[in-house]
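Here are my comments, as numbered points, on the model that you asked me to look over.

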Amino acid sequence: MARLAIEGLCKGWDFPVIDDLSLTVEEGEFLVIVGPSGIGKTTLLRLVAGLETPDGGRILVGDRDVTRVPPYRRDVAMTFESYALYPHMTVARNIASPLKARGLPEDEIRRRVGEVTRLLRIDMLLERKPGEISGGQKQRTALGRTLVADPQVFLLDEPISHLDARIRHELRSQFHTLEDLRRVATVYVTHDYAEALSLGDRIAVMGNGGHLVQVGNPRNLFEQPATLFVAEHLGQPTINAIGAELVDVDDRLEVHAGSLRLPVSPAHRAALTKMQQRQVTIGLRPQHLRPADELPQGMELEGRIDIFEALGSTGVMIVDAGGVRLTALTRPERSFDHGEVVTLALNPAALYFFSPVDGRNLLL
């Protein structure tokens, strides 16, 4: 087995899709790349797989430079979002196709197809064709075709994004336990933050222009986002981002946004006081803004309910507080009416402070 190393990879010059991107995925590591649609995540995987040619940089599998090596000689296997199954072939023949292309003996092919299909619980579907099975079964078939190839690098391109919630949960659980995935370098692409936080040993957040904005373990990225862009793409509902001003009031520092007046916590005051910058964007995650009786030690503010949604596991409210629109969470059994006045609470220490110019976290 081997690690994957991407060094200064570029695709496109005038309008780069991938721009001087460097990343290492260790043997046995499950790295998740997350970011909005159309930002270059799939292009990156296609470059690693050899399906597209880079304009600069290198791709190494172990110590071998595979940048100009054809796909079938890279020892890299990729699962596509669209399944890419052969419609005229059975499940068994689809899964066996990479082994047949390598000229393996029939008994070895049958053995390996049997092992993978039992692992993925699709061994009862071997003689069916893609048009005769469900979406979840098609995805398992596509994943089986990737696993059976026994490569040094796995590339998974949004493999479960368009499946229903129950099947997504089931397949996410399988990704945690599949030893074949956990013993090689695996790169998993998604736009779903929950998948990223659930699956990734590390997460790489990809931004506009084909750059990696931040790479780290899930907890570190969620709790210490390097930029507002990272904060917005790791969390649902997304973080509240509010234009504000830092104002000295007597012997303390406050954040003023509309008619909102929020104290800056002692933990943040020293770092922010040293800055010349007075205009900031404050960030507050919805789970840190709740009805006051659910956060009794918090700093209180009053608002009026604009929208309330009961989502089963939580309640989501959109609140107008002093002319500022905020998203807050509450317990799932509660209910609020449009126009109802609600007292919310937050811990000032939960506030993030970002530059309104470049979005960087001012406290890092």
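1. Helices here are DSSP runs (H or I, at least four residues) numbered from the N terminus, and their axes are lines fitted to C-alpha atoms over the stretch in contact, with angles running from 0 to 180 degrees between N-to-C directions. The model is predicted, so local features need pLDDT of at least 70 and side-chain atom pairs count only at pLDDT 80 or more, while totals for chains, interfaces and linings use all residues. Residues are numbered from 1 along each chain as its sequence is written, and side-chain values use heavy atoms, with hydrogens and water left out.

2. The axes of helix H2 (residues 91-101) and helix H4 (residues 135-148) come within 8 Å and cross at roughly 30 degrees.

3. Contact, meaning heavy atoms within 4.5 Å, is made by Val91, Asn94, Ile95, Ser97, Pro98 and Leu99 on the H2 side and by Thr141, Gly144, Arg145 and Val148 on the H4 side. By class, five of these residues are nonpolar, four polar and one charged, where Val, Leu, Ile and Pro are among those counted as nonpolar, Arg is among the charged, and Gly is among the polar.

4. Helix H4 also holds glycine 136, which counts as buried because its relative accessibility is 2%, the limit being under 20% relative accessible area with a 1.4 Å probe and protein chains only. From C-alpha to C-alpha, glycine 136 lies 37 Å from leucine 289, and the two are 153 residues apart in sequence.

5. The chain is divided into domain 1 (4-226) and domain 2 (240-354), with bounds that come from an automatic or database domain assignment. The C-alpha centres of domain 1 and domain 2 are 39 Å apart.

How values were computed. Helix = DSSP H or I, 4+ residues; strand = E, 2+ residues; numbered from the N terminus. Buried < 20%, exposed > 50% of the residue type's maximum accessible area, 1.4 Å probe, protein only.
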